[in-house]
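Good morning, colleagues. Please bring up the model on your screens, and I shall walk through its sheets, one of its helices and its cores.

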Amino acid sequence: MPHQSMNVSGVEVTPLCDAVGPMGPAIRRPLAELFPGSGLQDEPWVLHFHCYLLRDAAGRLTLVDTGIGGVDSPASSWAPVPGTLADELAAVGVAPADIGTVVLTHLHSDHASGAVVDGAPAFENARYVLQRAELDAAQDATLDAFVTPIKGQLHVVEGQAEVSPGVHVHFAPGHTPGHQIVRVGEVAMTGDLVLHPSQLDDPAVRYAYDDDQEAAVRTRAEVLGGLRAERAILATAHFSDPFLRL
């Protein structure tokens, strides 16, 4: 079942847990290698794969990220497929056709695989919001898996944009060239800006799978600094608890 929702600035934010599990052997590495300089001990890292459903006062629905997808998804080599996003949505009375906007924080397989089902958009009535830099950097396999099937519904933005009333995206590059976060009032849905709690204690802790580790550190420090000044709430993709007040 979905986690407890919260209401902020007239929008209901509901975390949806698509899956829970460790990285598979295809990409698994000791924590000290995944997060160099963190001092973390080599222990199992269990990831939670969260998406977020936003429902405004008019009933408009926005989905942030689409999870790991089915058993044959691009995430299947390392993530605990199949994801349960469709069941999580059904549990709160939402069908895929009800979603009006889908925001993809980035095109990694654990965030975008659920965007497409059987070669067609999983959310047939939705605009799919993606940063221009993310689209421009996409390689052939990513284009084939995620972008080409949704190209007729793609809504490309550059930088900050309001994608639905009260729902804003902000460019936050480093993890990928076009990584973005989503803001609703005091809540920030952070995608892979922060992967592990050690990066909250020290934003300079790098992550081995960031595309540009230096840019990711700069972005993480800047964004977290601003969010801390606001005493904002993080809505994370991979922490066990989806909400965390700074």
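Strands here are DSSP runs of E with at least two residues, helices are runs of H or I with at least four, and both are numbered from the N terminus. Before going further, please note that this is a predicted model, in which local features need pLDDT of at least 70, side-chain atom pairs count only at pLDDT 80 or more, and totals for chains, interfaces and linings use all residues. Residues are numbered from 1 along each chain as its sequence is written, and side-chain values use heavy atoms, with hydrogens and water left out.

Two strands count as paired if DSSP finds at least two bridges between them. What is the order of the open sheet of 6 strands? The order is 10-11-12-13-14-15, and the pairing is mixed. At its edges are strand 10 (161–164) and strand 15 (243–245), each pairing on one side only. On average, neighbouring strands of this sheet are turned by 30° against each other, direction ignored. Axes are lines fitted to C-alpha atoms, for helices over the stretch in contact, and angles run from 0 to 180 degrees between N-to-C directions.

Helix 7, residues 213–230, packs on this sheet and touches strand 12, strand 13 (187–189) and strand 14 (233–235); the helix direction makes about 10° with that of strand 12. Contact means heavy atoms within 4.5 Å. With 18 residues, helix 7 reaches 26 Å from its first C-alpha to its last, close to the 26 Å expected at 1.5 Å a residue; the expected span is 1.5 Å times one less than the number of residues. At the N-terminal end, Asp 212 caps helix 7, with a side-chain oxygen 3.3 Å from the backbone nitrogen of Glu 214. After the helix comes Arg 231, whose phi is positive, near 55°.

Which residues of helix 7 are buried? They are Ala 215, Ala 216, Val 217, Thr 219, Arg 220, Val 223, Leu 224 and Leu 227. Buried means under 20% relative accessible area, exposed over 50%, and partly exposed in between, with a 1.4 Å probe and protein chains only. Their cover includes strand 12, strand 13, helix 6 (198–201) and strand 14. Thr 219 counts as buried because its relative accessibility is 11%. Not counting residues up to four places away in sequence, Thr 219 touches Ala 172, Pro 173 and Leu 193.

Thr 236, in the loop between strand 14 and strand 15, is also buried, with a relative accessible area of 1%. Leaving aside neighbours within four places in sequence, Thr 236 is in contact with His 50, Tyr 52, Thr 190, Asp 241 and Pro 242.

Strand 3 and strand 4 run antiparallel, joined by 4 bridges. These two strands form a hairpin with 4 residues between them, and Gly 59 in the turn has a positive phi of about 90°. The bridge partner of Tyr 52 in strand 4 is Val 64; Val 64 also stands opposite Val 103 in strand 5. Strand 4 and strand 5 (residues 101–103) pair in the parallel sense over 3 bridges. Leu 61 and Leu 63 point one way from strand 4, Thr 62 and Val 64 the other way, and all are buried.

Finally, the cores. A nonpolar core is a set of buried Ala, Val, Leu, Ile, Met, Phe, Trp, Tyr and Cys residues joined through side-chain atoms within 4.5 Å. The largest has 25 residues, and those with the most contacts inside it are Leu 63, Ile 99, Val 102, Leu 104, Leu 107, Phe 123 and Tyr 128. A second, separate core of 20 residues includes Leu 54, Val 64, Val 129 and Ala 161. Leu 85, in helix 2, is buried at 6% relative accessible area, and its contacts beyond four places in sequence include Leu 63 and Phe 123. Thank you.

Technical notes:
A polar contact is a pair of N or O atoms within 3.5 Å; within protein, one must be able to donate a hydrogen and the other to accept it, and residues adjacent in sequence count only if both atoms are side-chain atoms.
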